[in-house]
Amino acid sequence: MKRYIHFYFQLLAVALLFLSSCVSHPDVPYSSKETKSLPDIFPDYCDVTVPYNIAPLNFMLPADQYEECVARISTPDGQQQTYGKGVKVQIPQSDWHIMLAASKGKSIKVEVWGKKEGEWLSFNPFEIHVAEQPIDEYLSYRTIEPSYVAWDYMEIVQRNVTSFEESQIFNNAITSNERAKGQCINCHSYQNYKTDNMLFHVRLSNAGTVFVNDGKVSRVNLKRDYTISGGAYPAWHPTAKLVAFAACKTRQAFHTANHNKIEVFDLASDLILYDVNTDSVTIICNDSTLLEVYPTWSPDGKYLYYCKTTPLPEELRDKDIRFTYEKVQYNLYRRPFDLATHSFGDEELVYDAVSSDKSATLPRVSPDGRYLLFAQGQYGCFHIRHNDADAVCIPLDGQNPSPIDLSKLNSKDFADSYPTWSSNGHWIMCSSRRGDGNYSRVYFSYFNNGKVEKAFMLPQEDPEHNNVFLKCYNRPEFMVEPVKISVEEFSRVFDK
């Protein structure tokens with residue numbers, strides 16, 4: 001038996017050697033001119049901290065400035081290899097994961113050369129620090145055009161972040177027909193990062209909320225006679241078959257001169273609780289004079305956090321919200337929750353954004369319960385189009401109210417929104433429009449006991465992908481496993 005095992009590993013080593021020999025390993029330039037600067041690579045992976053199970057951090061030099069690129073990558077144990085074809089550096093997954101394993105808790109050294117107008121230039125080396133904590137293996141996001149005035153094809157996609165494998169969860173075309181055209185799909189959500197209990201919304205034709213309950217698929221109408229709408233912005237209770245939603249009357253405005261371009265606001269919004277097992281909806285809070293939105297649970301399920309407006313000045317209360325939306329601001333609150341009775345206690349202010357002339361939205365509590373992460377802009381509840389929007393993180397211990405420094409996560413001039421935690425609490429993910437201001441991309445930052453490292457973009461097999469992919473990554477969510485139900489199986493609930 002041992003002989004067969006030994007033979008197997010010999011074959012495996014030969015196979016890996018063969019695959020490696022199929023990859024072009026260019027020579028380092030014999031002579032070059034020093035630039036004394038870091039390379040202008042895209043994506044920017046200079047001096048980032050990454051998980052030890054991330055996909056290869058492929059990158060490129062600007063194609064309009066350089067003709068060729070060569071990178072030499074070295075690990076702490078003495079491994080060294082060169083890569084480069086044209087202006088791109090694309091590393092085989094097998095090579096990369098060997099490098100990560102050898103550098104766990106340490107750093108990979110990267111040296112880059114670029115050929116410009118026939119002359120080789122050498123840049124300052126940089127490091128890729130490899131954390132000892134992994135990232136969740138999967139994430140999901142909706143892909144959609146950056147303008148919501150009109151849309152056609154839309155899909156919810158899942159991506160394996162340890163590789164480049166990507167597959168559909170659902171698309172809005174599979175249930176369309178001549179009678180029922182046009183469908184918006186959004187708000188994918190999971191219980192405890194797992195996919196046996198999950199949901200997503202379908203709006204317009206064939207509207208409803210698609211639930212997966214212990215692997216069984218159904219479509220539910222969450223609108224009841226006593227609610228103002230169906231559910232939106234879901235949050236699964238961590239242990240019970242309960243989902244908190246906002247019930248909203250939402251509108252959009254589209255600007256030609258305003259630099260924020262698109263505004264999404266609520267005419268009314270309440271919070272509701274849906275019991276998956278009994279198909280029942282109860283009201284959490286529904287103050288008709290205020291707006292409540294974006295519920296999220298503490299990891300122990302004992303508190304429900306959410307956003308709520310403060311009263312408008314009296315002279316603005318009867319005005320059309322299309323002309324007062326810049327005065328609408330939200331604070332963060334929470335209510336205790338009794339799982340035995342499904343009842344909520346008194347409201348408690350958690351974060352007063354309005355006193356600083358700000359508006360807080362999209363709260364998420366860290367898995368250890370120690371930190372509250374949210375998006376913040378000057379006004380409103382929909383910051384994905386607000387250029388001043390940033391992610392904010394505050395401790396929940398009550399002893400240190402000062403926000404955590406997230407300057408290495410946030411961009412300076414573009415919207416950073418949808419911040420969320422990995423299941424181990426060591427990685428923050430956000431959707432950011434940095435770069436061109438139009439297309440949102442996924443970024444990660446390492447979070448270690450209140451310290452945040454430089455953000456890096458979700459790696460792609462072709463580093464040019466995020467320059468040519470003309471859709472946004474909307475509402476990215478971490479998952480510890482893929483969705484196991486096929487697109488076709490999901491579509492069957494629309495035939496009933």
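**Close-ups of a predicted model**

**View 1. A salt-bridge network links Lys-88, Asp-462 and Glu-464.** A salt bridge here is a side-chain nitrogen of Lys or Arg within 4 Å of a carboxyl oxygen of Asp or Glu. The structure holds 19 of them. This is a predicted model, where local features need pLDDT of at least 70, side-chain atom pairs count only at pLDDT 80 or more, and totals for chains, interfaces and linings use all residues. Residues are numbered from 1 along each chain as its sequence is written, and side-chain values use heavy atoms, leaving out hydrogens and water.

**View 2. Glu-145 pairs up with Lys-471 in a salt bridge (3.8 Å, N to O).** Glu-145 sits in the loop between strand 10 (138-144) and strand 11 (155-160), and Lys-471 in the loop between helix 3 (465-468) and strand 34 (472-479), so the pair ties together parts 326 residues apart in sequence. Helices (H or I, at least four residues) and strands (E, at least two) are DSSP runs, numbered from the N terminus.

**View 3. Glu-477 forms a salt bridge with Arg-364, with the closest N and O atoms 2.7 Å apart.** Glu-477 is in strand 34 and Arg-364 in strand 26 (residues 359-365), 113 residues apart. Glu-477 also meets Arg-475 in a salt bridge (3.5 Å, N to O).

**View 4. His-201 is buried, at 1% relative accessible area.** Buried means under 20%, exposed over 50%, and partly exposed in between (1.4 Å probe, protein chains only). You'll find His-201 in strand 14 (residues 194-204). Its side chain reaches the backbone oxygen of Gly-231 at 3.2 Å.

Terms used: A polar contact is a pair of N or O atoms within 3.5 Å; within protein, one must be able to donate a hydrogen and the other to accept it, and residues adjacent in sequence count only if both atoms are side-chain atoms.
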